[in-house]
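Here's a quick briefing on one protein model, written for someone who likes the cut-offs spelled out. Have a look at the structure, then read on.

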Amino acid sequence: MSLSRRNLLAAGGAALAAVATRQTVSRAEDVAKETAARDSSPAITKGRIHQSVMGWCFKPMPSIELAKHCKAIGIEAIEGIPASDYPAVTKLGLKISLVGSHGFQAGPLDPENHAMNEAKLREAIDTAVKFGAPSVITFTGMRKTGIDDRQATKNCLDLWKRVLPYAEANDITLVLEHLNSRDDTHPMKGHPGYWGDDVELCVDLVKQLDSPRFKLLFDIYHVQIMNGDIIRRIREYHPLIGHYHTAGAPGRGELNDDQEINYPAVMRAILETGYSQYVAQEFIPTSNDPIASLREAARVCDV
Ligand SMILES: O=C(O)C(=O)CO
């Protein structure tokens, strides 16, 4: 091979290598641009399910930071954050979907909690009115030795009947959350000892109160663990349901393919009932990018 031919081949090889490098760089740039566009464009495009998010799941992220991510994703509302953060998140344009009250442990099943429960619920109703939130959460509380089911029912109904006229007068809905008592692996994956752990029992309490301002908070994750048959129950109880929560089951993680609930089908069933209130994402992110998990959950539920 002549020198000039060798030089020519070497120069050709270098040129090809340069072209390949440029192609690789531009492919990497395209992927980066696509990722950036995906991460900054709304995951929610249909918006037929009005989505919210439970703030506690994303701790220790400050509410305002979570709220900014929600805006970018297309999530409309937020809940489960301190009321002191409501002014900042509403200023960003997010709604408050649900106001907290007395917590799930010390509930009206035990009359010793009644004064505290009533004060917290009234205060929460005032906060809901102030910030335009439609609902306030309530719970039954934990089972207590000496209080049987008949007495627990009476105690709960007595307390809620005391507060309900105030909720009705202010057009705020009290929503009773059913929780699972089976998962004892983590303080927020299940609540062993919670009395309202049978969704039919909660439905019965809601029916006995017989008010459009007292409804069931149907937490899809908790119902799946305790009772299952999610879509049939949604179809059956939808006139009594005032709020929904999500999470993957088992484990209360992401709404991905590793868990057992078919969320798009569940969301379609919810829409078919004519539901127009909020569905709040309430899963505990397991990935090292919780906001990517939230974005994915929002996309999955955007049917
Ligand atoms: O575990 C839940 O879903 C609760 O809301 C308890 O606060």
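Phe104, Phe139 and Tyr194 form one aromatic cluster in this predicted model. Rings of Phe, Tyr and Trp (its six-membered ring) count as a pair if their centres lie within 6.5 Å; planes under 30 degrees apart are stacked, over 60 edge-to-face, and the rest tilted. The structure holds seven aromatic pairs.

**Aromatic pairs**
- Trp160 and Phe214 make a tilted pair, with 4.9 Å centre to centre and 50° between the planes.
- That pair ties together distant parts of the chain, 54 residues apart: Trp160 sits in helix 5 (residues 149-169) and Phe214 in strand 6 (residues 214-219). Helices (H or I, at least four residues) and strands (E, at least two) are DSSP runs, numbered from the N terminus.
- Trp160 counts as buried because its relative accessibility is 0%, and Phe214 counts as buried because its value is 1%. Buried means under 20% relative accessible area, exposed over 50%, and partly exposed in between (1.4 Å probe, protein chains only).
- Phe218 and Tyr244 also form a tilted pair, at 5.6 Å centre to centre and 55° between the planes.
- This one links distant parts of the chain too, with Phe218 in strand 6 and Tyr244 in strand 7 (residues 241-246), 26 residues apart. Phe218 and Tyr244 are both buried.

**Charge over a ring**
- The charged end of Arg122 sits over the Tyr166 ring, 5.0 Å from its centre. The criterion is NZ of Lys or CZ of Arg within 6 Å of the ring centre and within 35 degrees of the ring normal.

**Helix packing**
- The axes of helix 5 and helix 6 (residues 199-209) come within 11 Å and cross at roughly 45°. Axes are lines fitted to C-alpha atoms, for helices over the stretch in contact, and angles run from 0 to 180 degrees between N-to-C directions.

**Around Ala67**
- Ala67 belongs to helix 2 (residues 63-73), and it counts as buried because its relative accessibility is 0%.
- The C-alpha atoms of Ala67 and Ala77 are separated by 8.4 Å, with the two residues 10 apart along the chain.

**Ground rules**
- Residues are numbered from 1 along each chain as its sequence is written, and side-chain values use heavy atoms, leaving out hydrogens and water.
- Local features need pLDDT of at least 70 and side-chain atom pairs count only at pLDDT 80 or more, while totals for chains, interfaces and linings use all residues.
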